[in-house]
Amino acid sequence: MESEPVSLNAPATESWANRLKLGGRKAVHKFTTKEGLLGDYDYAFLFTPSYPFREWLNRKRGVEPVERDQPFFSVYSEMPIVLGLLLGLQHSLAMLAGVITPPIIIASVANFPLKIQQYLVSASLIVSAIMSSIQITRFHIPKTPYYIGSGLLSVAGTSFATITIVEKGFPVMYKSGFCPMGDDGKPGPCYAGYGALLGTAACCALLEMAMSFTPPKILHKIFPKIVTGPVVLCIAVSLIQSGFNDWVGGSGCVGAICPAEGAPMAGEWGSARFVGLGFLVFSTIVCCEKWGSPIMRSCAVIVGLIVGCIVAAACGYFDPTSIKSAPAATFIWVHTFPLKVYGPIVLPMLVMYIVLAQECIGDVTATCDVSRMEVEGEMYESRIQGAVLSDGFSGVLSALFTLPPMSTFAQNNGVISLTKCANRQVGYWCCFFLLLMGIFAKFGAALVSIPKPVLGGMTTFLFTSVAVSGLKIISTIPFTRRDRFVLTGTLLFGFGAILVPNWFETFFHYEGSNEALRGFLNAIILIMESGFAAAGIAGIILNLIIPQQLDEDLMDDIEIQQDNLATLEGRLSPFDGPGMSGKAKEAFSRENNPAKTDNNSFEMNDKNKIVVNAGESSTSD
């Protein structure tokens with residue numbers, strides 16, 4: 001674990017005695033002085049909201065806006081206790097929605113009873129606290145140059161990518177008889193299938209652990225952004241459908257009565273009141289982003305969820321029976337599942353871990369940036385190695401803790417940037433609050449009983465934000481002709497499998513008794529019908545076989561920009577500089593001699609006509 005250096009000349013006992021004495025003095029100072037408890041932080045900044053027309057009213061009254069210069073708390077700086085507690089609560093609320101959403105959806109797909117759903121939500125909060133503390137602490141592996149953890153304010157939560165595998169894998173399990181059917185012909189609780197998901201995830205997580213010992217440059221070369229970006233986008237697009245189905249009533253009652261016959265405030269799927277509840281959550285999120293205080297903006301999704309729950313409770317949508325019947329406290333391993341490796345989901349799971357490793361690298365790089373730490377060099381690469389190893393290690397441990405894989409979250413980077421606090425003590429407070437939320441089972445029971453339209457309004461926003469993250473990754477590539485070709489070939493399979501989910505179901509017609517062959521064929525079908533897996537495999541192959549070429553137009557644009565910079569540096573004319581390209585000279589001549597144009601170019605200054613330069617490199621209709 002990272003700590004302050006100790007003198008090697010002093011005896012070990014004296015060193016530990018000095019440490020204990022120094023730690024005791026710091027603790028006394030923390031809890032007995034105003035500086036240690038509160039510090040000089042402007043707490044009003046966290047809780048002061050805006051309001052409509054504020055800037056216009058201030059201008060009318062002649063009030064100058066007050067600029068607050070907040071202090072920056074670095075990773076290892078001292079932190080006031082009250083401020084650390086508040087910001088830790090803010091971080092826990094910012095990641096709460098992302099932590100509880102996957103277990104709720106996975107439990108629903110596996111047809112688990114209510115008590116198992118409540119347990120998985122509580123266990124997810126507890127395990128998230130444990131995995132986040134490992135990522136934040138950064139442990140040194142003895143006698144090696146390697147670490148486990150990033151040593152930054154990086155947190156971990158249940159991965160959204162697992163939902164796609166579950167939604168595709170469990171129907172295959174029911175169809176093949178791996179999961180049982182009820183006496184009424186409906187799918188029953190699939191404990192064996194969930195255990196197989198956990199066992200497969202634990203084994204496949206070893207791939208990400210092995211990837212952590214590979215230099216980031218090599219990983220970026222093998223799995224560049226042109227591959228991982230479309231995969232993230234396909235994962236999110238497939239999830240948005242599930243979230244939107246919940247928004248308008250529930251994904252398990254499409255075209256029927258939601259949530260069920262005889263349930264409180266039951267109605268037809270797509271009823272106006274269901275749509276209105278979901279839209280209330282979305283509208284609250286927008287209002288928090290527009291006028292909320294800093295602490296509200298970073299927790300806008302949870303604020304929207306709370307407002308939706310208040311209105312739903314007032315209108316009678318809640319059934320308090322499940323909350324009353326839930327135990328007062330719980331912990332991991334209260335319920336267990338038989339671990340097993342399920343062959344058909346191995347390859348999709350491996351693709352998922354490759355994407356999680358790349359996401360982890362991007363998230364930790366962003367955390368280093370907002371934390372004002374190095375984003376290149378030996379220390380940065382060491383943090384990346386520790387973060388990816390911790391991410392893979394979390395996949396193994398979370399499976400042993402009865403939960404799907406955990407991955408590094410990016411939501412908290414916005415909180416760091418907003419509050420100017422990257423201190424690890426805040427991360428530990430965040431873990432403390434997550435642990436409390438998980439242990440008190442009534443809290444998890446209340447989350448499970450949230451009406452589907454309210455939950456759908458929140459999850460649809462979250463899943464769409466994941467899609468935007470995928471688009472952001474894609475937007476960083478140069479978009480040469482070769483890149484556009486690779487993206488087209490990659491997204492062809494990804495979007496195709498999402499829009500036509502059963503397109504590969506009748507490809508094989510094996511009717512024999514060979515279970516191993518049947519499992520192998522099911523694995524191929526599952527891969528081809530999982531949009532993100534098909535996109536990932538296609539992207540890797542196309543990226544390796546299609547050579548990279550720089551477009552001529554892009555090279556011309558680069559030369560023009562270089563010549564423009566040279567002109568801004570003080571030359572009277574860009575023609576005075578060396579290496580002026582013909583394209584740049586042509587562009588410069590047009591700008592400075594508008595009368596001198598090409599024969600196939602013309603300019604019209606009438607207000608009803610437009611200016612067209614047909615002599616440009618691009619064509620125009």
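Modeller: Asp483 forms a salt bridge with Arg482, with 3.4 Å between the closest N and O atoms. The term means a side-chain nitrogen of Lys or Arg within 4 Å of a carboxyl oxygen of Asp or Glu. Asp483 is buried, at 3% relative accessible area. Arg482 is buried too, at 10%. Buried means under 20% relative accessible area, exposed over 50%, and partly exposed in between (1.4 Å probe, protein chains only).

This is a predicted model: local features need pLDDT of at least 70, side-chain atom pairs count only at pLDDT 80 or more, and totals for chains, interfaces and linings use all residues. Residues are numbered from 1 along each chain as its sequence is written, and side-chain values use heavy atoms, with hydrogens and water left out.

The whole structure holds two salt bridges. The other pair is Glu505 and Lys175, at 3.0 Å, N to O. Glu505 sits in the loop between α21 (481–499) and α22 (515–529), and Lys175 in helix α7 (residues 161–176), so the pair ties together parts 330 residues apart in sequence. Helices are DSSP runs (H or I, at least four residues), numbered from the N terminus. Glu505 is partly exposed, at 33% relative accessibility. Lys175 is exposed, at 65%.

The largest nonpolar core has 140 residues, and Leu120, Phe170, Tyr194 and Met349 touch the most other members. Such a core is a set of buried Ala, Val, Leu, Ile, Met, Phe, Trp, Tyr and Cys residues joined through side-chain atoms within 4.5 Å. At least three of its residues come from each of domain 1 (81–477) and domain 2 (480–566); the bounds are from an automatic or database domain assignment. Beyond four places in sequence, Met349 contacts Ile165, Leu197, Thr200, Ala201 and Cys204. Contact means heavy atoms within 4.5 Å.

Helix α8 covers residues 191–211. Its 21 residues reach 31 Å from first C-alpha to last, close to the 30 Å expected at 1.5 Å a residue. That expected span is 1.5 Å times one less than the number of residues. In α8, 15 of the 21 residues are buried, so the rest of the structure largely encloses this helix.

Confidence comes last. Mean pLDDT (the predictor's confidence in each residue, from 0 to 100) is 81 for the protein chain, and 85% of residues reach 70 or more.

Methods
Helix = DSSP H or I, 4+ residues; strand = E, 2+ residues; numbered from the N terminus.
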